[in-house]
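Trainee: I'd like a close look at a single part here, one chain and how it is put together. Could you walk me through it once the picture is up?

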Amino acid sequence: MKIRGALVVTVAVIGLGVLVGGLRVNPYIYFAGYVVLQYVVIATAWNVLGGYAGYVNFGTPAFFALGAYTSIALLEAFRAPLPVLILCGGLVAGLLGLGIGYLTLRLKGVFFSIATFALSVVLQTLIINWDYVGGAKGYTLIRPPVPFFRSWAVLLFILMVVLAVVTVLVARTIERSWIGRGLAALRDNEEAAECMGVPTLRLKLFATTISGFFLGVAGAPFPYYVTYVEPSSTFDLNYAVNALAMPMIGGTTTWLGPVIGAVLLGTAQQIATVTISSELNLLIVGVVLVLFVVLAPEGLTGLVRKLRRRRA
Amino acid sequence: MFSWDLVANAVVAGILLGGFYAAVSLGVSLTFGLLDVVNIAHPAFVILGAYAAYVMNSSFGLDPILTGVLFTPLFYLIGAGVYRIYYGSFERRGEESLRGLVFFFGLLFIIEVALSLKYGVDYRMVEAAYIGKSIDLGGVGIAFRLLVPCLVGLAMTLALYLFLSRTFYGRAVMGVSQDQVALRLMGANPVRIKTIAFGLGIAAASLSGALLITISPVVPSTDRDYIGRVFAITVLGGLGSIGGTLVASIILGVAESLMATLFGPSWSLAVSFGILLLALAVRPAGLFGR
Amino acid sequence: MTTAGALLDIDGVTKRFGGFLALDRVSIQVRPGERLGLIGPNGSGKTTLINCVSGALPTDGGRILFEGRDITQLAAHQRTRLGIVRSFQIPKPFVSMTVLENLGIPLEYAAPARSGDAAVGALDILRMIGLETKAHLRPAGLTQIEMRKLELARAMAARPKLLISDEAMAGLSSAEVDDILTILFRLNEQGITIIMIEHIMRAVMRFSERIVALDAGNRIAEGTPAEIVRNPAVEKAYLGE
């Protein structure tokens, strides 16, 4: 039965993560792994709206940063525990997704995209002026003694393993459900979908909310990871480009695409940052993105599918 | 501290700024308003134009606006080339929306990062005879570095308006946005017309980039400030309306200027976003929209 | 014919685009089980009217009633669920799905209560329309007429009470036109009310029990095919003075 298969894989992946966590390796591996897994969450979340529904979100940094800054606000106010931070970060970002969707999704898709881009800029301005969460000067987090695990590096790594698995499971479930089929219909031809009984507005709002939620979830543990949070690196355009490039490279129609894209591109970037400048790194990501969009729009999973069909 | 002097100065500066914003938005009004191509990378081409003006100015002492004009043919060719790629990869296949957007975003990103690799993240500016001078009209100071770009912006708007309404190719561009079949029957090739229009849009970016660096120093990430502005103007003014673009630009210029004077400069970007959202929520067709 | 008992009651519908009046207080009643033809020169408002009925466009005046219920404020997908289904002039298939999956969408969304076993229902429709050999192909691999048939098949999968066929035969050969007509006749026999918009006069005349003619947003004539053919207002609209 499919569900049992998914559960087995889930437990196996998490188990593997814990095993890796038990190894006595260079802690940098855990930090790098955290970043790659964070991108798995980001790319998968982005793809629920971008790949399944066909609505491009340029404002990934806004949602990610909202998750991070919600954490900071809650830490300041209540010293809230990590699980609460993650849940609330997700909820707030999900609400933002719902709000932006409600305002713009009844119009052409391009207005939604432009609104998300402008959203990043405005949110960054707001955060810069909000001293409670550190404002432009930034916020420093002093990590408490680590519970359970050997180090914060290991804890955060395993946390991200769990979050990545959960996000991918949710995306996969959506993709294979009636919601996923409705989203595919509205992506292919929204007018026809509506006339065939698909409640397009409701599905679009659902997709933006879920997408926003998981982007916020990706950002919520961020303060613990970096310990010093300031606006310009949290709202980095990096996140916007990678959130697009990873699903595009891996393939946007299935849950596997963002995972492959995140692992490939994320790992490559982690290796690259120690060898070339971060700007050159970004330039290459941009070029790869454009090349894929023009030449291989269905991504790697799409290419594999085409090859299989030709052989059959 | 409130004084009419301050407000008057802010309004005048805003109007002048508006003339400049019109120059920047003309290209998008053309490509998005009339051709339905969402060139979100337009501001990046503007910055490219700004840097071209910087390089010519610092190496050869060339006046920035002169550079802007000189580079127009080159930018036109770049624009035509970009449109050909866009058309061949997306429009012809009917997959414009998602992939086209991502394509242009990728271009924006590449241009911005390439510029910061080559020129770093320091602010770059130009020197010209009229920058720094100003005249005083009844208590209100008018800075030349704002006045000259505004005048050039108005001239560009007028030129584009005349082109679209009086020339054959201009009217063909208006026609292609409405009825491609009729256009073919008239013997004009819609793809060629659209290529010309898109090329013109990017050529406009060259000149407006030169105007931009005249007004204030630039840095590669300045393009992001203009994405919100340009689309707010295009939506507010009504897609496809050149006159609407001008009016909306001035409205935005004045609103931003007042906001900056009364509440501080870091909020001026929120103004364009606010206007964009308001326009989308209340009247998506814009003030003069079709 | 009185308004009561009408399946679809278009009551004084007006639609403007900016300053242009596309529909001017148009009223049409459609009886259950009827075959109604809707004709008029280009720009007369036929497709606009259909867009208003299906919910793709909001109206600027008047009401639309279906089975006695005011549906003027309902969204398009809700109208489809009630049983108003339209096909598109230019086919709009779901390109990433197979022919079978294309039918799966309306089966799942528009008519869940009435469909029974979804997969069997879709194949039956494909068989009836002649596309069962293409069930696992993507729309990109279909010919022009096959695309038109897919468009109709998809509309049928939504289990319509009222089917609006918008120029389904444009550009088809004579034999292909007859093909489509046969399918439409068969649907009507099953009890589906059909509104046909067509320029191909032969098809409209053969198919319709009653014809309504529009011109410049106004209803200018109504009657049997024989009456319409002799109607001077219709002649003038199509041929000028």
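Trainee: Take chain A: what share of its contacts with a separation of 6 or more comes from residues 24 or more positions apart?

Mentor: Bear in mind that this is a predicted model. In chain A, the share you ask about is 79%, counted over contacts with a separation of 6 or more. As for what the chain is built from, chain A has 15 helices and two strands. Now the overall dimensions. On the inside, 54% of the 312 residues in chain A are buried. 

For the other chains, a couple of details are worth a glance. Arg25(C) has a positive phi of about 45° although it is not a glycine, and Arg25(C) sits in strand E2 (residues 20-30) of chain C. Arg25(C) counts as partly exposed because it has 14 C-beta neighbours inside 10 Å. Glu167(C) also has a positive phi of about 45° without being a glycine, but Glu167(C) lies in the loop between strand E7 (162-166) and helix H7 (174-189) of chain C.

Terms used:
Residues are numbered from 1 along each chain as its sequence is written. Chains are lettered from A and ligands numbered from 1 in the order in which they are written. This is a predicted model: local features need pLDDT of at least 70, side-chain atom pairs count only at pLDDT 80 or more; totals for chains, interfaces and linings use all residues. Helices (H or I, at least four residues) and strands (E, at least two) are DSSP runs, numbered from the N terminus. A residue is buried if 20 or more other C-beta atoms lie within 10 Å of its own, exposed if 12 or fewer, and partly exposed in between; C-beta atoms are placed from the backbone. Two residues are in contact if their C-beta atoms, placed from the backbone, lie within 7 Å.
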